[in-house]
Amino acid sequence: MFETGLLKDKRILVTGGGSGLGAAMARRFLTLGAELVICGRRLDRLDAAASEMRAQTGGKVTAIACDVRDGAAVDAMMDAIWREAPLDILVNNAAATFIAQSEHLSFRAADAILAPTLHGAMYCTLAAGKRWTEARHGGVVLSILSTSTITGRAFTVPSAMAKSAVLAMTKSLAVEWGPKGIRTVAIAPGPFPTAGASGQLRPEGRDEGWTARNPLGRTGEHGELADLASFLVSDGAGYINGEMVVIDGGAHLRSSGAEDLLRWTDAQWAEQRAARIKS
């Protein structure tokens, strides 16, 4: 679909790049010639993912342990990255979410979602933007959001709030940083099943008719998202700035994705809370 060297000489950081959609995008960037940095909280998982990516693609991958919820840790990571060479592209992928009745959310539970999803994206974006601006070096920030930014979404309120705030950041910085040669763009994926997200958002007992409700009758394939991300961060998308591209098969035009939960009983919610606490 793309020229082999589409991302040649681009240095890309993917937060949460060791698994799921982050890893899918990371592998695609490598096959297109990019040099990769992946970060996450668990270095053992990152190292394993990096080794696998190197074996699959022959590309250069660096793994850095970093808790993006900690601004000081993000700054230290960026310093370490820049000591070797500047970044060209930041992909804000790290996030957290789970389904819950909002009236039962503790402050701590809400913060567990807001911290990586909103604060982590903001910390990484500001840290990269500061360095790009000081060095007069252009850059691209791609943030992975959600169609909840369009529809809202019951039972995942902190996530919908956080993703909507990152969309506001994307639009605002497009104007502020565009003149500095820095683009900000976003993707709103629909259902792209991953082991982590499915466990939190699609627990046993939840209505599984969601694929049938998708106008295309299926979920997304990781490669489709990875290809879209590759285009948006490439020079070929150089005139796209401040926009969010939806990739969900048209699902958000029919449903926010949470309507089935309105039919859950108190017993089902109690079981879900117990399972989350246990995990």
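1. Lys8 sits out in the open: with 53% relative accessibility it counts as exposed, where exposed means over 50% relative accessible area, buried under 20% and partly exposed in between (1.4 Å probe, protein chains only). Its salt-bridge partner is Asp9, at 3.6 Å from N to O, and Asp9 is exposed too, at 62%. A salt bridge here is a side-chain nitrogen of Lys or Arg within 4 Å of a carboxyl oxygen of Asp or Glu.

2. A word on the source: this is a predicted model, in which local features need pLDDT of at least 70, side-chain atom pairs count only at pLDDT 80 or more, and totals for chains, interfaces and linings use all residues. Residues are numbered from 1 along each chain as its sequence is written, and side-chain values use heavy atoms, with hydrogens and water left out.

3. Now the sheet. It is open, with 7 parallel-paired strands in the order S3-S2-S1-S4-S5-S6-S7. At the edges are S3 (61-65) and S7 (244-247), each pairing on one side only. Strands (E, at least two residues) and helices (H or I, at least four) are DSSP runs numbered from the N terminus, and two strands pair if DSSP finds at least two bridges between them. S1 (11-15) and S4 (89-92) are joined by 3 bridges, and Val14 stands opposite Val91 in S4.

4. Helices on the sheet: H4 (107-135) lies across S1, S4, S5 (139-144) and S6 (182-189), running at about 170° to S4. Angles run from 0 to 180 degrees between N-to-C directions, with axes fitted to C-alpha atoms, for helices over the stretch in contact.

5. H1 (20-31) packs with H2 at about 35°, the axes being 10 Å apart. Ala23, Ala26, Arg27, Leu30 and Thr31 of H1 meet Met53, Gln56 and Thr57 of H2, contact meaning heavy atoms within 4.5 Å.

6. Have a look at Thr170 in helix H6 (157-177). Thr170 is buried, at 2% relative accessible area, and touches Ser143, Thr184, Val185, Ala186 and Gly242, leaving aside residues up to four places away in sequence.

7. Back to charges: the whole structure has 12 salt bridges. In one of them, Arg11 pairs with Glu84, closest N and O atoms 3.4 Å apart; this links S1 to H3 (71-84), 73 residues apart. Arg11 is buried at 5%, while Glu84 is partly exposed at 46%. Arg218 and Glu224 also meet, at 2.8 Å.
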